[in-house]
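I opened this model to look up a few local features. My entries follow in the order I made them.

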Amino acid sequence: MPVKEIKEGIKHIQILDKEGNVDEELEPDLPEEKLVQMYKDMVYARILDKKAFKIQRRGDAGTYAPVKGEEGCQVGAAHALKESDWFVPSFREAAFALSRGMSPVKLFRYFMGDAYGNKVEDTHNLPVSIPIASQTLHATGIAMASNIKEEDEIAITFFGDGATSQGDFHGALNFAGVYEAPVIFFNQNNRYAISTPREKQTASETLAQKAKAYGIKGVQVDGNDVLANYKVVKDAAERARGGEGPTMIEALTYRLGVHTTSDNPSRYRSDEEVKEWKEKDPIKRFETYLMNKGLLDEDKKQEIHDEIEKDIEKHVEKALEMDSPEKEEMFQNVFEEVPDMLKKQLEVAKERERGGN
Ligand SMILES: Cc1ncc(C[n+]2csc(CCOP(=O)(O)OP(=O)(O)O)c2C)c(N)n1
């Protein structure tokens, strides 16, 4: 059943099943170009992941957290929102960022260790946030501000299953509920917090039901179904813009690859489990859907892949050619005015560079 009540008041939504069959009643009415663009965005993220690995392994970049397997969540969500909406990420959202037009050069520079990669320029994209769940508070704050200023902008924040056991997550939902903040809490439940399985870090039957405790609407979605992700985010955005407050979305998905470039998942996951999820690959099922609609064939698929490979290669070259950042840059862009504490740290860093202690 494509929409089923899995818990009192919590629905589970699926539009495309793992074979790529579509539920025509729920199928969003999207222009053909948009559907193809969504496919390209998913493939882009998949290929960029591979490239990121290569450059990390040869020593040109630091830790990278791959998207592989979670493209449906992020691309579906990105296409359902406006450019003026606020994107408040954790560290696994390259697909959302790129779908929104973030430069791949900037993305590569971030994990090459250059603060420029995290600089908020004139977009509504916030920097990567490493402390688990901390960004959910920022999203609530931004959405509360949007209400106070009577703006049309809403916020979306991403976080993993592990993050729903953190205090910041509960604070963020509590405030969002009380202030009816226009925010979407997008939970990518990929079943693991590094090596800790979801069942070992929360006894909650679903994660979506955690929303109910805070008077927030909770919904569960097939995270590997890009169309369902598009729909739930679109609905949540309409509710938020219409003054109906926040929504928490639990997207059931799976990290097909490693947690980060320094992880070895074979130590805590079975091959059978990975195989089972490979069959639910979000890209594969969307390909079938597009092929059934006559919007994609093997030649076009190859053409798209080749174009993306070339484009990514070009951006990597550009990122590698950029000059190393100056020390000062590490301390800028964090606060509007650099506080004394950071000024002192900069002095110490410079002193060390000059050979002092
Ligand atoms: C406050 C905090 N504690 C611990 C860590 C170390 N850490 C990095 S990723 C991670 C697991 C996060 O799991 P989850 O929230 O499910 O997101 P996922 O990585 O699966 O996308 C942990 C514990 C951290 N970054 N921040």
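**Entry 1: E180.** I counted 17 other C-beta atoms within 10 Å of E180. Buried needs 20 or more and exposed 12 or fewer, so E180 is partly exposed. The model is predicted, and I keep that in mind throughout. I placed E180 in the loop between α6 (167-178) and β5 (183-189). Then I checked its backbone. E180 is not a glycine, yet its phi is positive, about 45 degrees. Most residues other than glycine have a negative phi.

**Entry 2: I194.** I looked for another positive phi and stopped at I194. Phi of I194 is near 50 degrees, again in a residue other than glycine. I194 sits in the loop between β6 (192-193) and β7 (196-197). Is I194 buried or exposed? I found 12 C-beta neighbours inside 10 Å, so I194 counts as exposed. I then asked what I194 touches beyond four places in sequence. The contacts are H259 and D263.

**Entry 3: A65.** H259 came up again here. A65 lies in the loop between α1 and α2. It has 22 other C-beta atoms within 10 Å, so I logged A65 as buried. Setting aside neighbours within four places in sequence, A65 is in contact with F91, R92, H259 and T260. For F91 I have a distance too: its C-alpha atom is 6.6 Å from that of A65, and the two residues are 26 apart along the chain.

**Entry 4: the core.** I turned to the nonpolar interior. In soluble globular proteins, nonpolar side chains tend to be buried together. How many residues does the largest nonpolar core have? I read 81. Those with the most contacts inside it are M42, A77, A155, V183, I184, V233 and I249. I followed I184. Beyond four places in sequence, I184 is in contact with I154, I156, V233, A236, A237, A240, P246, T247 and I249. Two of these partners, V233 and I249, are on the list of core residues with the most contacts.

**Entry 5: α2 and α8.** Helix α2 (residues 71-79) packs against helix α8 (residues 226-241) at an angle of about 45 degrees, and the axes are 7 Å apart. The two helices are therefore oblique to each other. I recorded the crossing of α2 past α8 as right-handed. From α2 the contact uses G72, C73, V75, G76, A77 and H79. From α8 it uses V226, L227, N229, Y230 and V233. I sorted these residues of the contact by class: 7 nonpolar, 4 polar and no charged.

**Entry 6: α1 and α11.** Last, I checked the pair formed by helix α1 (residues 32-57) and helix α11 (residues 298-321). Their axes come within 10 Å and cross at roughly 45 degrees. That makes α1 oblique to α11. The crossing of α1 past α11 is right-handed. On the α1 side I listed K40, V43, Y44, I47, L48, K51 and I55. On the α11 side I listed I304, H305, I308, E309, I312 and V316. By class, this contact of α1 with α11 has 9 nonpolar, 1 polar and 3 charged residues.

Terms used: Residues are numbered from 1 along each chain as its sequence is written. This is a predicted model: local features need pLDDT of at least 70, side-chain atom pairs count only at pLDDT 80 or more; totals for chains, interfaces and linings use all residues. Axes are lines fitted to C-alpha atoms, for helices over the stretch in contact, and angles run from 0 to 180 degrees between N-to-C directions. Helices (H or I, at least four residues) and strands (E, at least two) are DSSP runs, numbered from the N terminus. Angles under 35 degrees count as roughly parallel, over 145 as roughly antiparallel, 65 to 115 as roughly perpendicular and the rest as oblique. A crossing is left-handed if the near helix is turned anticlockwise from the far one by less than a right angle, and right-handed if clockwise. Two residues are in contact if their C-beta atoms, placed from the backbone, lie within 7 Å. Ala, Val, Leu, Ile, Met, Phe, Trp, Tyr, Cys and Pro count as nonpolar, Asp, Glu, Lys and Arg as charged, and the others, Gly among them, as polar. A nonpolar core is a set of buried Ala, Val, Leu, Ile, Met, Phe, Trp, Tyr and Cys residues joined through C-beta atoms within 7 Å.
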